[in-house]
Amino acid sequence: MREIDFEDDQIIWKILKEHIEEAKELQRMVVSSVDENCRPQARTMILRAVDHKTKCLYFYTDARSPKIGQWQKNQFCQVLAYSSSELLQLRFTAKAVVWQSGELYQSAKSGLKEHQWRDYSSFLAPGSDYDPALKPSSDKLNFALVQIKVEQMEILKLLPKAQEHLRYSFNYEEKNEFARRLVP
Ligand SMILES: Cc1cc2nc3c(=O)[nH]c(=O)nc-3n(C[C@H](O)[C@H](O)[C@H](O)COP(=O)(O)O)c2cc1C
């Protein structure tokens, strides 16, 4: 397991990049939304890209899936991931922005592989009742890029052999109180 300087948030963004490139655990994140009844909704999503400069996480989905409508009505979301190889939990408090046009969207769309086109081209919207009479996919792509703008990142590093675990909070909104060590 690597040694990490937890005062510096950059290392976390570097680890995320590595996990994307090597398809490791932190690429599979639990991403939440809030539905019209103010109920939390959570699902696993694959982290596709990160931008450490703008503190953004990027995910792909079908534009017709319920989470898209939820984020369009209420941007608040939380993203959670745990790596058993790093003994590291990451929790992001954020706002979601849905893209279906623009430069970033076009660039993501042009990189989609064949199986991803299929994933985002089902005849019926994700979550609809299954209809065996319909072909699995249509010609219409319903791809959406989800940009998660991180406001706060919290890390918990488990140190089973040390006296205590390490917990840090990085507040990207509050420049004066950026990094805080917390009681685990
Ligand atoms: C390992 C794994 C990875 C997944 N990755 C994605 C993904 O990148 N994007 C996505 O929309 N759904 C992904 N899903 C499916 C979602 O978890 C969820 O079932 C689906 O998107 C419906 O979500 P919703 O009804 O809350 O909108 C993944 C599921 C698993 C198990």
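Mentor: Helices (H or I, at least four residues) and strands (E, at least two) are DSSP runs that are numbered from the N terminus. This is a predicted model, in which local features need pLDDT of at least 70 and side-chain atom pairs count only at pLDDT 80 or more, while totals for chains, interfaces and linings use all residues. Residues are numbered from 1 along each chain as its sequence is written.

Trainee: Is histidine 115 buried or exposed?

Mentor: Histidine 115 is found in helix α4, which covers residues 114–119. A residue is buried if 20 or more other C-beta atoms, placed from the backbone, lie within 10 Å of its own, exposed if 12 or fewer do, and partly exposed in between. Because histidine 115 has 7 other C-beta atoms within 10 Å, this residue is exposed.

Trainee: In what order do the elements of the protein chain run from the N terminus on?

Mentor: The protein chain, of 184 residues, has four helices and eight strands. Its C-alpha trace spans about 60 × 35 × 30 Å along the principal axes. Read from the N terminus on, the order of the elements is α-β-β-β-α-β-β-α-α-β-β-β.

Trainee: Which residue in β2 is the bridge partner of methionine 29?

Mentor: Two strands are taken to pair if DSSP finds at least two bridges between them, and β1 and β2 are joined in the antiparallel sense over seven bridges. They form a hairpin with five residues between them. Within this pairing, the bridge partner of methionine 29 in β2 is methionine 45.

Trainee: Which residue in β4 stands opposite valine 30?

Mentor: Strand β1 also runs antiparallel to strand β4, residues 76–83, with two bridges joining them. Across this pairing, the residue in β4 that stands opposite valine 30 is leucine 80.

Trainee: How many bridges join β4 to β5?

Mentor: β4 and β5 form a hairpin with four residues between them, and leucine 87 in the turn has a positive phi of about 50°. Glutamine 78 stands opposite threonine 93 in β5. The two strands run antiparallel, and the number of bridges that join them is eight.

Trainee: Which residues does valine 79 touch, not counting residues up to four places away in sequence?

Mentor: Two residues are in contact if their C-beta atoms, placed from the backbone, lie within 7 Å. With residues up to four places away in sequence left out, valine 79 touches Met29, Val30, Val31, Leu57, Phe92, Ala94 and Ile148.

Trainee: What value is the phi of cysteine 38 near?

Mentor: Most residues other than glycine have a negative phi, and most peptide bonds are trans. Cysteine 38 lies in the loop between β1 and β2 and is exposed, with 7 other C-beta atoms within 10 Å. Its phi is positive, in a residue other than glycine, and is near 60°.

Trainee: Which element supplies the largest share of the shell around the ligand?

Mentor: The ligand is surrounded by 14 residues, and the closest are Arg43, Ile46, Thr61, Ser65 and Lys67, where a residue counts as near if its C-beta atom, placed from the backbone, lies within 6 Å. At least two residues of this shell come from each of β2 (40–51), β3 (56–62) and α2 (66–73). The largest share, five residues, comes from β2.
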